[in-house]
Structure formats: structure tokens, C-alpha cells
Amino acid sequence: MSYPSGRHFLQIPGPTNVPDRVLRAMDMPTRDHRGPDFPALTHEILDGLKAVFKTTADVVIYPSSGTGAWESALVNTLSPGDRVLMFETGQFATLWRGIATDLGLEVEFVAGDWRHGVDPTAVEARLSEDSRHTIKAVAVVHNETSTGVTSRIGEIRRAIDNAGHPALLLVDTISSLGSIDYRHDEWGVDVTVAGSQKGLMLPPGLSFNAISARALAASETSALPAAYWRWQPMLDNNAKGYFPYTPATNLLYALREALAMLHEEGLEQVFARHRRHGEATRRAVRAWGLEILCANPEEYSDALTAVLVPDGQDADRLRELILERHNMSLGTGLGKLQGRVFRIGHLGDFNDLMLAGTLCGVEMGLIAAGMPFTRGGVDAALAYLAGEE
Ligand SMILES: Cc1ncc(COP(=O)(O)O)c(C=O)c1O
């Protein structure tokens, strides 16, 4: 093993590269989380977070991976045997379904081809049939990290309203918050689930729920067993600037810094930057003559692009070769996409030259792997980034 000079290119769709400013903010002595100066930190972070969720409602922070926040959204709002409508958009929707089933919920899982997002007309049709309102919640993954497909939450909200159905809307934004436009209040979302390690530019280890007034009311009567995840003790403590158990103190310093960075750049600029990098990446993929997994251009993800390799080729061998030769990690194909796709992460603390380097690494890898493809994807992306249209 020789020393790999230069920086590792971490271009998986999360965890993402943590900016130096955030790393430095974490490199601090731990503080007394029950001390007098802790509330100022808690309040500053909660205010900054609400702006990112585009909500004035409550947001809670857990010391956990995103999976914990999935579980929390379910156990706080639902009761054993409640019916939940979910959609097979990919691996993460499938995993969330598994958690709901394990908790004793009745999941109606609408089959999908892992190339499309949730179809709002299917939501409306299914909810319209449910005249007795047996469906208690609709749970959707906003940005399916396994496929690079972004579901249209605003349209799904309208579909629920058109059906005149009272189901709660639960949305996973683990790989979209802080990189793709998201509006908790405007879209009438009841629980938004998020995680620290993607658009928020932090290490893994924090997760979040943004909670509507309706969801909070549901938590008063929900009967699924819950203790660690209960919202109310968290909200009661947060109101005073504290937590019901030990918070991940140094990750909170990091979060404060990351929120400052997002707000300095401006959320709309952050989203525009991701859109531009998504578009440049897609132009590269098309020029290579490869197929973008997402089949509906309206649902292209601006956080990552999943690329299908030609039949008979092995996407994991390509990834291994790129790692070995160019010290770059790309996302593997998950679940049934194993070996069929590689995923290029273009989210988080990222700029034009990092994208150019990433695409160069992919193109060199395609050459070295002997993949059937057309050279010139990098040129197409550079022309776009340079403003040549
Ligand atoms: C969309 C989505 N949901 C849920 C998860 C699970 O989060 P975690 O691995 O932090 O538990 C991930 C992880 O990548 C994800 O991308």
C-alpha cells in the first residue's frame, strides 16, 4: 500500500465532505450541557434549523442516524395496526417500510420500478377510494438516494387535499434537506425526517424531525411504544434550552457553523448551485452515451445522479478501479441495483472544480475499465459550467 497523495474524493451521496470551517468548529472542549450558557446554543441552532426546513413549527434533534428519525416519525404519530401508504421508489423507501412493519403498522406498499418518484395521481386515486379514512399516514422519501429520483412533494400534498383525506404526510428529506428546495410549512408536511450527513455538511450522528401542529396533536393519542424518541419531553426541555438526555455536544457546534454557512450563501443560492451541478453531471452522462437511471426529467435529483452501466458490465468493478487509481469513492448500487449502477454524489460543500475532478475520475475510469462509451462527457459538463450552453 503506497501513500495516496492529495485529498480523497468522497463523491458518494452522503456522508458528504465536511467543510474545514465545520471541522474546526467541532474541535472544541466539550461544554456542560446543563450549564448556564447551553441554552443560547440550543436556541440559535433551533432557529437556524427552522429556516432550513422552511417552517415556524417545532424541530427536534436526536443523537442518532437518520433511521432513528424515521422510527421517531412513526412512533410519535401512529398506533399499532394503523394503515400507512408507502411507495416503492427504491432502497430507502423499502427500508422505511421495513421499520413500519416491524413496529406493527399495516403498510400498503405501492410497487414501483426504482426509476420514478411517487406518482401524485396514484396518491389521489388511492386516498379517494379510502372513504372510511383507514389510511392514517402517507410516507414518502423526497430524494431517493438509491436511484437519484426526487418526488414532487408539493404535488403530493395537492393530491391528498384533492382526495379530501385527513392522512398525515410524513416525508424523508435525509438526502435533500439543504441541497434541494424543500418547504415543510408551505407543503403542509406533518413530519419531516432529516439527517446531518448530507446537505447539512456534517458528519453522521444527528437526525431531525420537523413537526406540524397536527402531528403534535396526533402524538398525544398515538399508542405505539416510545420512550427515547418521544417528542414532548424533548420539546419541554428544548423550550428551556436543554435536552432530556445528553446531546451530541460537539456535533451541535458543527451544526451551528454549518447553518451559518448555509445562511451566508443563501438557501436559494445553495439550491441553484445544486441544480447547476446536477445538470452538468447529466450532460456528462448523456455525452458518454450512458443512461441516467431516473426516467422522468421532472424528477431528476440535483443531489446525486445514478448511472446505469451497459448490459453485461459491472458497475462495482468500475468503482473499485476508480478508487484504486484515482482515490475517489463513488456510490454503489443498492439492493436490486447492485452492480447495475454507480452513483455520483454532487451535494453538500461542493464547487465547479470538485465536480470537474469528479467527472474526470469517472471518465478515466470508464476508459480504464474498457466500458463501451463515448469520450467527451467531461467536455460537455465543462462547456455548461463555463456558461457556453
Ligand atoms: C433517503 C434516505 N433515507 C434514510 C437513510 C438512512 O439514514 P441513516 O443511514 O443515517 O440511518 C438514508 C441514508 O443514506 C437515506 O439516504
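Modeller: Contact, in what follows, means heavy atoms within 4.5 Å. The structure under discussion is a predicted model.

Biologist: Which residues in α3 meet α4, and which residues in α4 do they meet?

Modeller: Helix α3 covers residues 66–77 and helix α4 covers residues 91–102. From α3, the residues in this contact are T67, W70, E71 and L74. Their partners in α4 are F92, L95, W96, I99 and A100.

Biologist: How do the residues of the contact of α3 with α4 divide into nonpolar, polar and charged?

Modeller: The contact draws on both helices, including W70 of α3 and W96 of α4. By class, its residues are seven nonpolar, one polar and one charged.

Biologist: Is α12 roughly parallel or antiparallel to α13?

Modeller: The axes of helix α12 (residues 352–368) and helix α13 (residues 377–385) come within 9 Å and cross at roughly 165 degrees. That angle makes the orientation of α12 to α13 roughly antiparallel.

Biologist: How many residues of the contact of α12 with α13 are charged?

Modeller: D352, L355, A356, L359, C360 and E363 represent α12, while G377, V378, A381, L382 and L385 represent α13. Of the residues in this contact, eight are nonpolar and one is polar, and the number of charged residues is two.

Biologist: Which are the edge strands of the open sheet?

Modeller: Seven strands form the open sheet, with mixed pairing, in the order β2-β10-β9-β8-β5-β3-β4. An edge strand pairs on one side only, and the two that do so are β2 (58–62) and β4 (106–110).

Biologist: Is strand β8 enclosed or exposed?

Modeller: Side chains of a regular strand alternate between the two faces of the sheet. In β8, L168, L170 and D172 point one way and L169 and V171 the other way, and all are buried. Because five of the five residues of β8 (residues 168–172) are buried, the rest of the structure leaves the strand largely enclosed.

Biologist: Which residue in β9 stands opposite D172?

Modeller: Five bridges join β8 to strand β5 (residues 135–141), and the two run parallel. Strand β9 (residues 191–195) also runs parallel to β8, through three bridges. In β9, the residue opposite D172 is V193.

Biologist: What is the separation between the C-alpha atoms of G348 and V18?

Modeller: G348 is found in the loop between β14 (341–345) and α12. G348 counts as buried because its relative accessibility is 2%. Among the residues G348 touches are T16, K198 and R273. G348 and V18 are 330 residues apart along the chain, yet their C-alpha atoms are separated by 8.2 Å.

Biologist: Is S179 buried or exposed?

Modeller: S179 lies in the loop between β8 and β9, and touches G199, V270, F271, H274, A303 and L347, leaving aside residues up to four places away in sequence. With a relative accessible area of 1%, S179 is buried.

Biologist: Which residues does a cis peptide bond join?

Modeller: Most residues other than glycine have a negative phi, and most peptide bonds are trans. The cis bond has an omega of about -5 degrees, and it joins G14 and P15.

Biologist: Is H133 buried or partly exposed?

Modeller: H133 is placed in the loop between α5 (120–129) and β5. The phi of H133 is positive, near 55 degrees. Because its relative accessibility is 30%, H133 counts as partly exposed.

Note on methods. Residues are numbered from 1 along each chain as its sequence is written. This is a predicted model: local features need pLDDT of at least 70, side-chain atom pairs count only at pLDDT 80 or more; totals for chains, interfaces and linings use all residues. Side-chain values use heavy atoms; hydrogens and water are left out. Axes are lines fitted to C-alpha atoms, for helices over the stretch in contact, and angles run from 0 to 180 degrees between N-to-C directions. Helices (H or I, at least four residues) and strands (E, at least two) are DSSP runs, numbered from the N terminus. Angles under 35 degrees count as roughly parallel, over 145 as roughly antiparallel, 65 to 115 as roughly perpendicular and the rest as oblique. Ala, Val, Leu, Ile, Met, Phe, Trp, Tyr, Cys and Pro count as nonpolar, Asp, Glu, Lys and Arg as charged, and the others, Gly among them, as polar. Buried means under 20% relative accessible area, exposed over 50%, partly exposed in between (1.4 Å probe, protein chains only). Two strands pair if DSSP finds at least two bridges between them.
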